[in-house]
Amino acid sequence: MAIFVGLAVAASPQQRQLPQLRVQVPTSATAEMKEQNFRDVEFGVRFKVPPGWEITRRDHEVSTFRIDARTAPPRLQMRSVASLDFNPYPQSTLAGALVYYSVEKHAKAAECVRQAAGKGEPQDTQEIGGMNFVHGHDEHGEMCVEARDEVYTAYRKGSCYRFDLEMNTFCAVSSGATEITESQMQDIEARMAGILSTVTLDWSKTGARPVPPASEAPRKKLPAPAAATGSASN
């Protein structure tokens with residue numbers, strides 16, 4: 001997982017005499033960073049990764065997928081993860097931002113919906129690349145909210161396609177950092193949604209479609225669950 005360091009820790013008088021370690025964290029993409037194109041040939045999914053984001057197909061290099069995507073079933077396979085390599089708010093409690101793309105083969109339509117919606121009725125959907133995705137939200141932490149995950153799932157021809165937009169923070173208590181603001185969170189959400197806005201699907205003629213940040217997206221109520229699985233299958 002991408003971790004950003006920019007903390008001021010309180011020290012005793014004796015400790016203040018020691019040299020302090022300072023870690024320089026870039027606050028924006030550098031000139032050397034380029035846009036990258038991702039393509040999953042097996043499942044026909046493509047998207048663009050903007051400068052300043054690292055893309056990898058392997059878990060545990062920059063992420064802990066099973067911890068971040070808590071509703072992911074065991075058979076769900078992570079196909080890629082894009083992680084933010086700079087911190088636009090180094091004095092805040094922002095710890096990282098990741099966009100996961102994963103697919104579960106031999107899935108069931110109703111279970112695919114539940115990955116995003118949970119046990120309750122799905123509340124809203126979002127069109128991504130011309131396919132209708134169920135949208136859900138998950139967050140967790142101990143002393144404070146430390147992880148926020150916007151989950152999007154869609155069922156097609158026996159497979160469940162899934163995107164997770166994960167934003168991680170840490171508690172400001174005793175850290176010296178400033179709690180991340182609502183506008184800062186919305187900015188990170190917009191950066192992640194920008195990646196979804198470039199998604200194209202080989203079987204869809206619609207092409208890439210703008211995806212608004214989750215907090216700004218108009219809610220599109222799903223019909224009854226049985227009808228929802230059919231509409232998501234495209």
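Guide: Glu 150, Leu 165, Glu 189, Met 192, Pro 213 and Ala 214 line the largest cavity. This is a predicted model, in which local features need pLDDT of at least 70 and side-chain atom pairs pLDDT 80 or more, while totals for chains, interfaces and linings use all residues. Residues are numbered from 1 along each chain as its sequence is written, and side-chain values use heavy atoms, without hydrogens or water.

A cavity is a set of points on a 1 Å grid over the protein atoms alone where a 1.4 Å probe fits but cannot get out, and its lining residues have an atom within 4 Å of a point. A search of the whole structure finds one cavity of 30 Å³ or more, and the largest holds about 30 Å³ of space, the volume filled by probe spheres set on the points. Its lining comprises four nonpolar residues, no polar ones and two charged ones; Leu, Met, Pro and Ala count as nonpolar and Glu as charged.

The disulfides deserve attention next. Two are counted, each a pair of cysteine sulfur atoms within 2.5 Å. With bonded cysteines counted along the chain, they follow the pattern 1-3, 2-4.

Since Cys 112 belongs to helix 3 (residues 109-117) and Cys 160 to strand 9 (residues 159-169), the pair ties together parts 48 residues apart in sequence. Helices (H or I, at least four residues) and strands (E, at least two) are DSSP runs numbered from the N terminus. Both Cys 112 and Cys 160 are buried.

The other disulfide links Cys 144 and Cys 171, with sulfur atoms 2.0 Å apart. This link is left-handed, with -110° about the S-S bond. Cys 144 lies in the loop between strand 7 (131-140) and strand 8 (147-156), and Cys 171 in the loop between strand 9 and helix 4 (182-196), so that the pair ties together parts 27 residues apart in sequence. Cys 144 is partly exposed, because its relative accessible area is 21%, whereas Cys 171, at 16%, counts as buried. Buried means under 20%, exposed over 50% and partly exposed in between (1.4 Å probe, protein chains only).

Notes. 1 Å grid on protein atoms, 1.4 Å probe; cavity = no way out; pocket = protein on both sides within 12 Å on 5 of 7 lines; lining within 4 Å.
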